[in-house]
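Please keep the sequence and the 3D view at hand while reading.

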Amino acid sequence: MAQYDVAIVGSGAAGLTAAMTARRRGARVAMLESRKIGGECTHFGCVPSKSLLAVAKLAEAMRTAPRYGLPGYDPATDLEFSDVMEYVARVVEEIYLHEQPERFEDMDIDVLIDAAGARFLDPHRIQIGERAIEADHIVLSTGSSPRRVEVLGDLPLRFLDNENFWELRDAPRSVAFLGGGVIAVELGQALARLGVPVTILQRAPRIIPAADPEIAALIADTLKVDGVRIFTGAEVMSCQTLADGNIAVHVQQNHARKQLSVGSVFASLGRLPNVDGLDLEAAGIEYTARGITVDDYQRTSQPHIYAAGDVAGGAQFTHVAGYQGEIAIDNILGRDRKSDLSLLPWAIFTDPEVGHVGLSEAQAREQHGDIKVLR
C-alpha cells in the first residue's frame with residue numbers, strides 16, 4: 001500500500017492549492033479525483049460563465065453601436081448560439097490543458113483518478129478504484145454540486161443547472177431561473193443580451209439577498225433594461241410540460257396564482273457539499289447538511305484530517321477555497337494559522353460589475369452604530 005505524507009481528495013481550487021503547496025514544502029503528496037482536474041471553477045463555474053459574460057458584454061456593445069455611428073448587430077438574426085457555446089468550450093479546454101494529470105506528475109504529485117471516487121476505509125486509509133493508499137494527513141476538498149430538482153409537479157423534467165447548461169448548443173426559446181442569486185443574475189443577463197427571453201423567479205423579497213439592498217436594486221433595474229422579467233416574493237408551486245414542448249411554471253405571488261410558459265427552467269437554488277460516497281463515518285469525521293464541520297484551522301473532528309473549500313461550508317468562492325487549502329497545509333506542517341474571512345472580497349460579474357469587501361452597511365451599523373456612508 002502506497003504511503004503519503006498528505007493525501008488530497010478533490011482537485012478544484014482548494015485541492016490544487018493544497019497539493020502544490022504541500023509538494024513545494026517537501027511532502028510526499030497524492031491527489032485523488034473522480035472527474036477532471038480543475039473542479040467547479042474550470043469546468044462549470046468561473047471559466048465558462050465569465051467567458052459567456054464577456055461575449056454578452058461585447059454583443060451589447062455591438063447592438064448599441066449605431067448610437068455612435070457604427071454598424072449595428074441584432075441577436076435575433078445575427079447570432080449563432082452554438083458558435084458562442086463552442087467558443088466557451090474552447091476557453092475551458094485551453095485552461096484545462098494546463099491542468100492535465102501529467103503536469104502534476106511532473107511535480108512528483110501522484111494523481112489517482114477513478115470515476116468511483118474516493119472513500120475512507122479508516123481514518124488513515126482511502127480506497128480509490130482498485131487501489132488503497134495510506135496518509136499521515138488528509139485534506140478533503142471535494143467541492144459542491146448544484147442543488148438539483150428532479151420533480152416539481154407530476155412528472156420528471158430536465159432542469160438546467162450550472163453544470164448541464166454548458167452542454168447546450170441550441171439557444172433556449174426562453175429561460176426561467178428558479179432563484180435570484182448570483183448565478184441567476186449573471187447568466188440571466190448574459191442570455192438576455194444574446195436574445196433569449198429571461199425570467200427570474202425569486203422567493204425572497206429581493207434578488208441577490210447577500211448584496212447591499214441598494215446594489216441589489218441597481219442590478220434589478222439594469223436587468224430590467226436588458227429585458228429580464230423579475231418576480232420577487234414568488235413561490236414556484238409546480239412545473240409541467242405542455243403540448244408545444246414548453247414548460248408551464250405555476251407561481252404563487254401575493255396570494256395570487258399565475259402561469260408562465262417558458263422553454264427551459266434553470267434551477268439556481270444553491271449548492272450542496274459533495275460528501276456522498278466518501279464514507280466519512282468510517283473515518284469518524286463529523287458533518288452536517290451544510291458540509292464537513294471544521295474549526296478555525298480547517299481541522300475536522302479528526303485532528304489529522306482537514307477540509308477546505310465548498311465541502312467545508314461557508315463562503316463558496318474559488319479564492320476562498322484556495323486560501324483554505326493553503327491554511328490546511330500550513331497547519332499540517334505546524335504553522336498554527338487561523339482562517340480569517342473578516343475582509344473577504346467577492347464580486348458579482350454583471351454589467352456593471354459589483355465588488356464587495358468587509359462589512360456591509362447593515363453589518364457596520366449593527367456592530368458600530370453611527371457610521372458614515374459615502375456614495
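## An exposed histidine and other backbone exceptions

His-255 counts as exposed, because its relative accessibility is 79%. The model in which this residue is seen is a predicted one. His-255 is placed in the loop between strand 12 (247–253) and strand 13 (256–262), and its phi is near 65°, a positive value in a residue other than glycine. Most residues other than glycine have a negative phi, and most peptide bonds are trans.

Asp-336 also has a positive phi, of about 55°, although it is not a glycine. This residue belongs to the loop that lies between helix 10 (318–332) and strand 19, and with a relative accessibility of 56% Asp-336 counts as exposed. A further exception concerns a peptide bond: the one from Asp-351 to Pro-352 is cis, with omega near 5°. Pro-352 is found in the loop between strand 19 (345–348) and strand 20 (354–357).

## The protein as a whole

The protein contains 11 helices and 20 strands. Its radius of gyration is 23 Å, which agrees with the value near 21 Å that a compact globule of 375 residues would have. Taken along the principal axes, the C-alpha atoms fill a box of roughly 65 × 55 × 50 Å.

Of the 375 residues, 49% count as buried, while the accessible surface of the protein comes to about 18500 Å², with 51% of that surface belonging to carbon and sulfur atoms. Contacts across the sequence can be described as well: among those between residues at least 6 apart in sequence, 59% join residues at least 24 apart.

In which order do the four strands of the open sheet stand? The order is 10-9-8-14, and the pairing is parallel. Strand 10 (229–232) and strand 14 (264–267) stand at the edges with a single partner strand each, so one side of each is left without a neighbour in the sheet. From one strand to the next, the twist averages 20°.

The pairing of strand 8 (residues 175–178) with strand 14 is parallel and runs over four bridges, and Val-175 stands opposite Ser-264 in strand 14. A helix accompanies these strands: helix 7 (residues 182–193) lies across strand 8, strand 9 (198–202) and strand 14, and it runs at about 170° to strand 8.

## The loop between strands 17 and 18

Is Thr-300 buried or exposed? With a relative accessible area of 9%, Thr-300 is buried, because that value is under the 20% cut-off. The residue lies in the loop between strand 17 (291–292) and strand 18 (305–307). Its side chain reaches the backbone nitrogen of Gln-302 at 3.1 Å, and a polar atom of the side chain of Thr-300 lies 2.9 Å from the backbone oxygen of Ile-305. When neighbours within four places in sequence are left aside, Thr-300 is in contact with Ile-285, Ile-292, Thr-293, Val-294, Ile-305, Tyr-306 and Ala-307.

Pro-303 has its place in the loop between strand 17 and strand 18 as well, but Pro-303 counts as exposed, at 55% relative accessibility. Pro-303 and Pro-48 are 255 residues apart along the chain, and their C-alpha atoms are separated by 37 Å.

## Asp-136 in strand 6

Asp-136 is located in strand 6 (residues 131–140). Its relative accessible area is 41%, so Asp-136 is described as partly exposed, a class that covers values between those of buried and exposed residues.

Which residues does Asp-136 touch, not counting residues up to four places away in sequence? They are Tyr-4, Asp-5, His-124 and His-304. Val-236, by contrast, is 100 residues from Asp-136 in sequence and 48 Å from it in space, C-alpha to C-alpha.

Methods:
Residues numbered from 1 in each chain as written. Predicted model: local features only at pLDDT ≥ 70, side-chain atom pairs only at ≥ 80, totals over all residues. Heavy atoms only, no water. Helix = DSSP H or I, 4+ residues; strand = E, 2+ residues; numbered from the N terminus. Buried < 20%, exposed > 50% of the residue type's maximum accessible area, 1.4 Å probe, protein only. Polar contact = N/O pair within 3.5 Å; in protein donor to acceptor, adjacent residues only side chain to side chain. Contact = heavy atoms within 4.5 Å. Pairing = 2+ DSSP bridges. Axes fitted to C-alpha atoms, helices over the stretch in contact; angles between N-to-C directions. Rg over C-alpha atoms; globule rule 2.2 N^0.38 Å. Areas by Shrake-Rupley, 256 points an atom, 1.4 Å probe, with all protein chains shown as cover.
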